[in-house]
Amino acid sequence: MSHSRSQGQAERLRIYRLTAGVADDFAADVRRGLTARPKSLPPKYFYDELGSQLFDAICLLPEYYLTRAETEIFERHAPEIVARARDDSPVTLFELGSGSASKTRRIIEALLAAQPRLTYVPVDISTAALEASAHALLADYPSLGVRAYAADYDSALPRFRESLEGGARALVLFLGSNVGNFDRAEAHNFLGRVRAVLRAGDRLLLGADLKKEPATLEAAYDDMLGVTAAFNLNLLARINHELRADFRVRDFRHVALYDEREGRVEMHLESLCEQSVRLGALDLEVGFRRGERIHTENSYKYSLAELSELASATGFERAHTWLDSAGRFSSNLFVASGDRDSGNADFGLRIEGG
């Protein structure tokens, strides 16, 4: 890359690091989770450098249909999604949990086809992931500017309005069925916090996996190659590295199961023997019974009716839904309720599949 091009990218990139105290949060959350009954660890800590790479590999697995399904929706419907999101107004694009932003490129390209310039505001806990994705995007899209936040969601959300330019409308992406990592009450509270920083008429594009037969769901979280197992077990390796623990990772196994009553896939780490683990940085010793589990993640699945209820309860209206050709995954355009531009918006709900 030439010096002038590199300098041009630097002028179009700002990364705000709001991650002070994250190491302390990690230690406190691990202590809290491993001394609770039952034991648990927050899924946001999956994504260290190796964890992020393992998740990228999961997205390529044949069993893990979610990424392919959402990508298919964007390949087929990105221009329509953007047209409905813009409603003839310029847009500033936000993304919660941006990662590599690979799927987001379809939305960026459709927006740049509709407006001359675009500001993209990704939020991710990983500074390295933000830097890598931002430089790749800036190299490919000269009319793009990136204002990124290395932060958790709650730290970044209050800063969103700073990034809106003039009369631009906000389009917030929350993709990959990340909403499923919240339980029902947490999802309600989180989307309410997103709504609180938006204006009436702003849009949220919400990816949500749909309820289906248990065998398909469990296979998506327990693949034959064991990549998801490695992703889950890496959380113990991270604790070893960062908190001077002595987890014997091979003495735990990955467990994924679907709770049909709750409508969620659960992931656990199960102790294969009675054992004790020392966490030096916490001055803590934790005992495990044979068969005892650490709960690491829930992935809630939704019906379309539940998505409408979620939108209504959090200050949105589900204005449009797109499905992949197999009807497994949904991309939902939520419109922030209120009077702004409501006369021009098409609030008649439509669902489009393959």
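**Notebook: a pocket, a sheet and some backbone details**

I began with the second largest pocket, which is lined by 14 residues, with Gln115, Arg117, Leu118, Thr119 and Glu165 lying nearest its centre. The elements that contribute two or more residues to this lining are β3 (91–96), β4 (118–124) and β5 (144–150). I noted that the model is a predicted one.

I then looked up the volume of the second largest pocket, which is about 230 Å³. By class, I recorded six nonpolar, five polar and three charged residues in its lining. As background, rolling a probe the size of a water molecule over the atoms shows where empty space is left.

**The open sheet**

I next asked in what order the strands of the open sheet stand. Four strands form this sheet in the order β2-β12-β9-β8, and the pairing is mixed. β2 and β8 (252–259) stand at the edges with a single partner strand each, so one side of each has no neighbour in the sheet.

I followed β2 to its partner. Strand β12 (residues 293–300) is joined to β2 by two bridges, and the two strands run parallel. In this pairing I found lysine 39 opposite isoleucine 294 in β12.

**Serine 40**

I turned to serine 40, which lies in strand β2. Is serine 40 buried, exposed or partly exposed? Its relative accessible area is 27%; because buried means under 20% and exposed means over 50%, serine 40 is partly exposed.

Leaving aside neighbours within four places in sequence, I listed the contacts of serine 40 as Gly33, Leu34, Ile294 and His295. I also looked up the separation between the C-alpha atoms of serine 40 and valine 30, which is 8.3 Å. These two residues are 10 residues apart along the chain.

**Backbone details**

As a reference for this entry, most residues other than glycine have a negative phi, and most peptide bonds are trans. I recorded that the peptide bond from arginine 37 to proline 38 is cis, with omega near -5 degrees. Proline 38 is found in the loop between α2 (22–34) and β2 (39–40).

I then examined the loop between α4 (65–86) and β3, where aspartate 87 lies. The phi of aspartate 87 is near 50 degrees, a positive value in a residue other than glycine. Aspartate 88 is found in the loop between α4 and β3 as well, and its phi, near 65 degrees, is likewise positive.

Aspartate 88 has a relative accessible area of 73% and is exposed, the cut-off being over 50%.

**Glutamine 275**

My last entry concerns glutamine 275, which lies in strand β10 (residues 275–279). Its relative accessibility is 6%, so glutamine 275 counts as buried.

I asked which backbone oxygen the side chain of glutamine 275 reaches. Apart from neighbours within four places in sequence, glutamine 275 is in contact with Arg248, Asp251, Phe252, Val286, Gly287 and Phe288.

Terms used:
Residues are numbered from 1 along each chain as its sequence is written. This is a predicted model: local features need pLDDT of at least 70, side-chain atom pairs count only at pLDDT 80 or more; totals for chains, interfaces and linings use all residues. Side-chain values use heavy atoms; hydrogens and water are left out. On a 1 Å grid over the protein atoms alone, a cavity is a set of points where a 1.4 Å probe fits but cannot get out, and a pocket is an open set with protein on both sides within 12 Å along at least five of seven lines; lining residues have an atom within 4 Å of a point. Grid points are joined across faces, edges and corners, and a volume is the space filled by probe spheres set on the points. Ala, Val, Leu, Ile, Met, Phe, Trp, Tyr, Cys and Pro count as nonpolar, Asp, Glu, Lys and Arg as charged, and the others, Gly among them, as polar. Buried means under 20% relative accessible area, exposed over 50%, partly exposed in between (1.4 Å probe, protein chains only). A polar contact is a pair of N or O atoms within 3.5 Å; within protein, one must be able to donate a hydrogen and the other to accept it, and residues adjacent in sequence count only if both atoms are side-chain atoms. Contact means heavy atoms within 4.5 Å. Two strands pair if DSSP finds at least two bridges between them.
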